[in-house]
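Here is a short briefing on a predicted model. Read it with the structure open.

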Amino acid sequence: MMTPMPDTLFVNARLLDPATGLDAPGSLLVSRGVIADHGGSLGQPDAAEVVDCAGAVLAPGLVDLRAALGEPGAEYRETIESAAQAAAAGGITTLCALPETQPVLDDPALVQFVRSKGEATGSLSILPYGAATKGCAGQEMAEFGLLKEAGAVAFTDGTRAIASARAMRLALSYARAFGSFIVQHPEEPSLARGGAATEGELATRLGLPGIPPAAESMMVARDIALARLTGGHVHFAHVSTAEALELIRRAKAEGLRVTCDTAPPYFDLNETAIGDFRTYAKLSPPLRREADRLAVVAALADGTIDAIASDHQPADPDDKRLPFAQASAGGTGLATLLGITLARVHGGDLSLGAALALLTCRPADLLGLPVGRLERGAPADLVLFHPERAWKVESGKLPGKAQNSPFDGRALEGKVLGTWKAGRRVFGA
């Protein structure tokens, strides 16, 4: 039986809760794994552990809307335990896992397995997505009701687009019936097949097969039409182009049930980061032109984008040590999620509160979760960070097993000092 934790009193903190607009110096008390109180000055309970925050920001633990894990089936790339270590170092306390494991999460027992493995880490709640179609093959619908009952938070085929319009229509209708939604990888497969970089001058100069940006906007346009037809809720993942964002903006104005997220590479990097065939910067979707990057930044600022997700895709070194066109797409993103997002704060594009909302309460609200806020009675999932403290991303020295960071060598301001899960410290710098 686990020994009850003593109370913890955080003092000299900058309390920041985007859900309520709280941004003030003060203290926060944790008791029995939940937030008991917070305010300008709190008395110290007997036997409470005191954490002096020395003016650093104390905020809700981050809620990561999209990450791939190696386990089950590809533990050579990453295990749930190694992902939990990287997440804790990045201030992430809740993570939504894609279903494209081996086997695919189209079976309720597998969904329960991943959830329980997450809880066993003691540091990370892993909320699996259920496969939208059996085997993520895009044909036969998975058992939405059974998967949701087992703990699936929504449904997706992960990094594979649901290409069939009929299948997507059925999926949206089924998800609506179960009070859930579909997460779509917005890329028209026949246009993207065999591509390695965004179609254009750079891809041509490097001799790389291109993926036209229209592959994203075409799928977004189709699925907005299907959301209108079915009344279902479609969520577009890692949106990366100006045209797709404008379509989403209009759909929201129309009142359709359409939401989206993006990931740090698409507002921090552009296609030039692939440089001299740099495979760590080979992603899916591919890095875009500078105009698209600026459009993503603008959509973060105006509220079109609902969340920032890590889009964590661990890869084995051998999968990246290949010619660019053959190398695996994807980059690790757990440990760098907060730091890259804060770069937009330092650049003047977002306020600190708005940036944190995209990482905490907004994804939590999308999923209907009671996390991502500093409310009394809420789980004491917390991150303490210094928004100006500098550090450098160095592949090979990142926490966790996966090291394939597209931000390798990037200098950042904003360092996680500590992470707490249900009041228990799970990371300390």
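Strand 1 (residues 8-17) and strand 5 (residues 57-60) run parallel, joined by two bridges. Arginine 14 has valine 57 of strand 5 as its bridge partner. Strand 5 also pairs with strand 17 (residues 382-392), here antiparallel and through four bridges. Proline 60 is bridged to leucine 382 of strand 17.

**Hairpin**

- Strand 2 (residues 22-31) and strand 3 (residues 34-39) are antiparallel, with five bridges between them.
- Serine 27 has glycine 39 of strand 3 as its bridge partner.
- The two strands form a hairpin, and two residues separate strand 2 from strand 3.
- Arginine 32 sits in that turn, with a positive phi of about 55 degrees.

- An open sheet of six strands has the order 9-10-11-14-15-16, with parallel pairing.
- Strand 9 (130-131) and strand 16 are at the edges; each has a single partner strand, so one side of each lacks a neighbour in the sheet.
- Strand 15 (residues 258-262) is joined to strand 16 by two parallel bridges.
- Aspartate 261 has alanine 307 of strand 16 as its bridge partner.
- In a regular strand, side chains alternate between the two faces of the sheet.

**Aspartate 311**

- UniProt, in an unreviewed entry, lists Asp311 under "binding site".
- The "active site" annotation, also from an unreviewed UniProt entry, covers Asp311.
- Aspartate 311 lies in the loop between strand 16 (307-308) and helix 11 (317-320).
- Is aspartate 311 buried or exposed? Its relative accessible area is 10%, and buried means under 20%, so aspartate 311 is buried.
- The side chain of aspartate 311 makes a polar contact of 2.8 Å with the side chain of histidine 238.
- A polar contact of 2.9 Å links the side chain of aspartate 311 to that of arginine 66.
- Beyond four places in sequence, aspartate 311 touches Asp64, Arg66, His238, Ala263, Tyr266, Ser284 and Gly331.

**Helix 1**

- How many of the 10 residues of helix 1 (residues 80-89) are buried? Eight are, so helix 1 is largely enclosed by the rest of the structure.
- The buried residues are Ile80, Ser82, Ala83, Ala84, Ala86, Ala87, Ala88 and Ala89.
- Their cover includes two helical and strand elements next in number, helix 2 (108-121) and strand 7 (92-97).
- Strand 8 (125-128), strand 18 (411-421) and strand 19 (424-428) are also among the covering elements.
- Glycine 91 follows helix 1 and has a positive phi, near 85 degrees.

**Nonpolar cores**

- The largest nonpolar core has 91 residues.
- Which of its residues touch the most other members? They are Leu95, Phe144, Ile182, Phe236, Val258, Leu356 and Phe385.
- Domain 1 (8-58 + 379-427) and domain 2 (61-372) each supply at least three residues to this core.
- A second, separate core has 16 residues, including Ala13, Leu28, Leu58 and Trp420.
- In soluble globular proteins, nonpolar side chains tend to be buried together.
- Beyond four places in sequence, the contacts of phenylalanine 236 include Gln184, Pro186, Met219, Val220, Asp223 and Ile224.
- Phenylalanine 236 also touches Ile248, Val258, Thr259, Cys260 and Asp261.

**Serine 180**

- Serine 180 is in the loop between helix 4 (165-177) and strand 11 (182-184).
- Its relative accessibility is 5%, so serine 180 counts as buried.
- Apart from neighbours within four places in sequence, serine 180 contacts Val153, Ala154, Phe155, Ala175 and His233.

**Proline 189**

- Proline 189 belongs to helix 5 (residues 189-192).
- Is proline 189 buried or partly exposed? Proline 189 counts as partly exposed, at 21% relative accessibility.
- Proline 189 and arginine 160 are 29 residues apart along the chain, with their C-alpha atoms separated by 8.3 Å.
- Not counting residues up to four places away in sequence, proline 189 touches Ala161, Ala163 and Met219.

Terms used: Residues are numbered from 1 along each chain as its sequence is written. This is a predicted model: local features need pLDDT of at least 70, side-chain atom pairs count only at pLDDT 80 or more; totals for chains, interfaces and linings use all residues. Side-chain values use heavy atoms; hydrogens and water are left out. Buried means under 20% relative accessible area, exposed over 50%, partly exposed in between (1.4 Å probe, protein chains only). Contact means heavy atoms within 4.5 Å. UniProt positions are given in the numbering used here, feature names are shortened, and annotations may be inferred rather than shown by experiment. A polar contact is a pair of N or O atoms within 3.5 Å; within protein, one must be able to donate a hydrogen and the other to accept it, and residues adjacent in sequence count only if both atoms are side-chain atoms. A nonpolar core is a set of buried Ala, Val, Leu, Ile, Met, Phe, Trp, Tyr and Cys residues joined through side-chain atoms within 4.5 Å. Domain bounds come from an automatic or database domain assignment. Two strands pair if DSSP finds at least two bridges between them.
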